[in-house]
Amino acid sequence: MAHLLGAEQIALDFPTKTVFGSVTIGLDEGDRVGVVGRNGDGKSTLLSILAGRLAPDAGRVTVRNGVRIGVLDQRDVLDPDLTVGGVVVGDVPDHTWAGDPRIRDVIAGLLSDVDWGAAVGTLSGGQRRRVALAALLVDDHDVLFLDEPTNHLDLEGVTWLAGHLRARWPRTAGGLVVVTHDRWFLDEVCTRTWEVHDGVVEPFEGGYAAYVLQRVERDRVAAATEAKRQNLMRKELAWLRRGAPARTSKPKFRIDAATQLIEDVPPIRDTVELKQMATARLGKDVVDVLDVVVDFDGRRVLDHVTWRIGPGERTGVLGPNGAGKSTLLNLVTGDLAPSGGRVKQGKTVRVARLSQDLHELDAVAHERVSDVIGRKRTSYVAGGQELTPGQLLERLGFTSAQLSTPVRDLSGGQRRRLQLMLILLDEPNVLVLDEPTNDLDTDMLAAMEDLLDTWPGTLLVVSHDRYLLERVTDQQYAVLDGRFRHLPGGVDQYLELRRDGSVASPSEPEPARPSAASSGAERHAARKELSSVERRLGRAEQDVATIEAELGAHDPTDYAGLAAISARLQSAQDELASLEERWLELSDELD
């Protein structure tokens, strides 16, 4: 493949740190590269150097003659006086750009809800961001550098962008480098991954899942100081390998190697134990939203919605922007009264909400982090382990030096993590997360998910991050056209409903759509069997975990006893594998 551009021994120093030591990397035709790393380690800086916007202190960047480079950075650089159409297509006549299918696709995918003749200065920040992305995509660039392109895109927008970039840059043409914390997007789009850390850029083959595998292999031979990161990524890999939603996405790594790496890793969540603990803390009644109607300014936002939330449920809520997701959460938290119907909270319910705007920290902005956490509880229990607030902060990526930092001086990601920690120390039993991935890098997202795995309460999540939703929730619902409906097929079913424009009433069963391969009756039977298999899968996973624990605690000198337990374990694992295969068969049949 032809070489597009390359960086040779580039180095860059800022007054307080070395960003890059001596980095050499290259981009070839067909490369779609995802850039990952901790916030502040230099991901955006790397893009600026490669794009020629920032000169390194040493080394050089070379670009092949004739290569056109386009850049989407995080700054808003659009002329506020131009119209949307003027920014996207300029002075090109309507009949010319309208006859280009690629331009029509970009406009439909990103700007369908934006007024074509509106001045850019009148748009919201998210709309301006989408206009800038659309203007970049309609142009004819050989190489694109995209810095957080999924910001301000909903689930459908992220899915569209992934498909557009895959189709635009097949493995034989052009190049793409993208910085994003959206792990699903990385896996869907990227053929290579660059990890920026400690002044170096380390290349990996494949998307996010392949990167996780290779990083685990690297960490297995690293120094003892890397043990914490290794264990966290092994758990992440375990979810990627074992989780039924992930299996259907065909992760891009060797199955045998992945199985060997995670053979001693326990299940991501002990769902039975967490459910028991949640019931003990909450009782049987949590929040019941009963035939609720919400009207704003003469417009019906929610129309006769009923939602009974049980103890220990982990639910993701999907829907387009403005559909009423936040309104529904406000009903659950008690911050909004319905126009009709009623909302009933259990007597022991303590609701906490991780909001998008971090306003909870305004009152303590001038205080040091150590003073803020000093007023909270002295311990927090996670996964059977008692953690002090300091240990909890460390688990969320804070250093000892940052304990004396004023809250106002923390970065957006640090403030987000502090906000989550303060909420957890208050010990709520219902936790509402509203777009919790804002300002977090992939490492911190994994750390937050690891913490939530051991949280024994009811969890409600609204997010456009598909990976997070599938990772921390067990079921998904959608708010569509004012109605609320369950999504047995998860995110894929939601996207299909949005493409088809079909929204069935939640009070009525979803109509069967028979295909040539199966009748309506057969599909109904398959759905029933699928539900049964999912319940049996949960029990089978618990049985395997129990027998593994029994085997580990057994007397190692009792060979006969070990053999008997091993035989039971093999039988339980065989049953689990058989159920997983049947789950996949039924899922494919219903798809």
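Two residues are in contact when they have heavy atoms within 4.5 Å of each other. The structure described here is a predicted model.

In that sense, histidine 141 touches Arg68, Ile69, Gly70, Leu136, Arg168 and Trp169, leaving aside residues up to four places away in sequence. Histidine 141 sits in the loop between H5 and E6. Its relative accessible area is 11%, and buried means under 20%, so histidine 141 is buried.

Helix H5 covers residues 125-138. From its first C-alpha to its last, this 14-residue helix reaches 20 Å, close to the 20 Å expected at 1.5 Å a residue. H5 is mostly covered, with 11 of its 14 residues buried. Among them are Arg129, Arg130, Leu133 and Leu136. The buried residues of H5 pack against strands E5 (69-72) and E6 (143-147) and against helices H2 (84-89), H4 (101-110) and H6 (155-168).

The structure also holds seven aromatic pairs.

Tryptophan 97 belongs to helix H3 (residues 94-98) and tryptophan 116 to the loop between H4 and H5, 19 residues apart, and their pair links distant parts of the chain. Tryptophan 97 counts as buried at 15% relative accessibility, whereas tryptophan 116, at 26%, counts as partly exposed.

Tryptophan 307 is in strand E11 (residues 299-309) and phenylalanine 484 in strand E20 (residues 483-486), so this pair ties together parts 177 residues apart in sequence. Both tryptophan 307 and phenylalanine 484 are buried.

Ring pairs also join Phe204, Tyr208, Tyr211 and Tyr467 into a cluster.

Definitions and conventions
Residues are numbered from 1 along each chain as its sequence is written. This is a predicted model: local features need pLDDT of at least 70, side-chain atom pairs count only at pLDDT 80 or more; totals for chains, interfaces and linings use all residues. Side-chain values use heavy atoms; hydrogens and water are left out. Helices (H or I, at least four residues) and strands (E, at least two) are DSSP runs, numbered from the N terminus. The expected span of a helix is 1.5 Å times one less than its number of residues. Buried means under 20% relative accessible area, exposed over 50%, partly exposed in between (1.4 Å probe, protein chains only). Rings of Phe, Tyr and Trp (its six-membered ring) pair if their centres lie within 6.5 Å; planes under 30 degrees apart count as stacked, over 60 as edge-to-face and the rest as tilted.
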